[in-house]
Amino acid sequence: MKNVLILSLALIAPAAAFANQELAQKKNCMACHAVDKKLVGPSYKDVAAKYAKDKDATKKLAEKIIKGGKDAWGPVPMPPNPQVTPAEAETLAKWVLSVK
């Protein structure tokens, strides 16, 4: 039974990660960000590294996803994304922070 549970979790985790990348594409996040390279904005790997030790990172990033931000990564501001709900922003923030 334990082996079945471990195998099930191993199969679900990549699907969840993909689903969140799919949400990022659907909400136009990938127009300015990529997983592993800088585009207009920082890569998700760089964001995850910057916030790795911040216990409030999920909340901060979810707020930035909805409201936008400036001066955190240079002169180009991140525009607000009003089409993202608070629940979606939290899902996206958790996914971004999980990117290695």
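Which residues is Asn81 in contact with, leaving aside its neighbours within four places in sequence? The answer is Lys27, Cys29, Ile65 and Ile66, where contact means heavy atoms within 4.5 Å. Asn81 sits in the loop between α3 and α4, and at 12% relative accessibility it counts as buried. Here buried means under 20% relative accessible area, exposed means over 50%, and partly exposed falls in between, with a 1.4 Å probe and protein chains only.

A word on the model comes next. The structure is a predicted model, in which local features need pLDDT of at least 70 and side-chain atom pairs count only at pLDDT 80 or more, while totals for chains, interfaces and linings use all residues. Residues are numbered from 1 along each chain as its sequence is written, and side-chain values use heavy atoms, with hydrogens and water left out.

On the overall layout, the protein has four helices and zero strands, and from the N terminus on its elements run α-α-α-α. Helices (H or I, at least four residues) and strands (E, at least two) are DSSP runs, numbered from the N terminus. Of the 100 residues, 29% count as buried. The accessible surface comes to about 6900 Å², and 63% of that belongs to carbon and sulfur atoms; the areas come from the Shrake-Rupley method with a 1.4 Å probe, and for residues only the protein chains shown count as cover. Among contacts with a separation of 6 or more, 48% come from residues 24 or more positions apart.

Now for the inside of the protein. In soluble globular proteins, nonpolar side chains tend to be buried together. A nonpolar core is a set of buried Ala, Val, Leu, Ile, Met, Phe, Trp, Tyr and Cys residues joined through side-chain atoms within 4.5 Å. The largest one here has 18 residues, and Ala24, Tyr44, Tyr51, Leu61, Ile65, Leu92 and Trp95 touch the most other members. Helices α1, α2, α3 and α4 are the elements that give two or more residues to this core, and α4 gives the most, with six residues. Ala24, not counting residues up to four places away in sequence, touches Cys29, Met30, Tyr44, Leu92 and Trp95.

Helix α4 has its own list of buried residues: Glu88, Ala89, Leu92, Ala93, Trp95, Val96 and Leu97.

Aromatic rings are next. A pair of aromatic rings is described by the distance of the centres and the angle of the planes. Rings of Phe, Tyr and Trp (its six-membered ring) pair if their centres lie within 6.5 Å; planes under 30 degrees apart count as stacked, over 60 as edge-to-face and the rest as tilted. By this rule the count comes to one aromatic pair. Tyr44 and Trp95 form it, edge-to-face, at 5.1 Å centre to centre with 70 degrees between the planes. Tyr44 lies in helix α2 and Trp95 in helix α4, so the pair ties together parts that are 51 residues apart in sequence. Tyr44 is buried, and so is Trp95.

The loops have some details too. His33 is in the loop between α1 (2-26) and α2 (44-50) and is buried, with a relative accessible area of 12%. The His33 side chain reaches the backbone oxygen of Pro42 at 2.8 Å. That is a polar contact, meaning a pair of N or O atoms within 3.5 Å; within protein, one must be able to donate a hydrogen and the other to accept it, and residues adjacent in sequence count only if both atoms are side-chain atoms. Beyond its neighbours within four places in sequence, His33 is in contact with Leu39, Gly41, Pro42, Tyr44 and Met78.

Trp73, in the loop between α3 (57-67) and α4 (86-98), is partly exposed at 39% relative accessibility. Leaving aside neighbours within four places in sequence, Trp73 is in contact with Pro42, Asp46, Val47 and Lys50.
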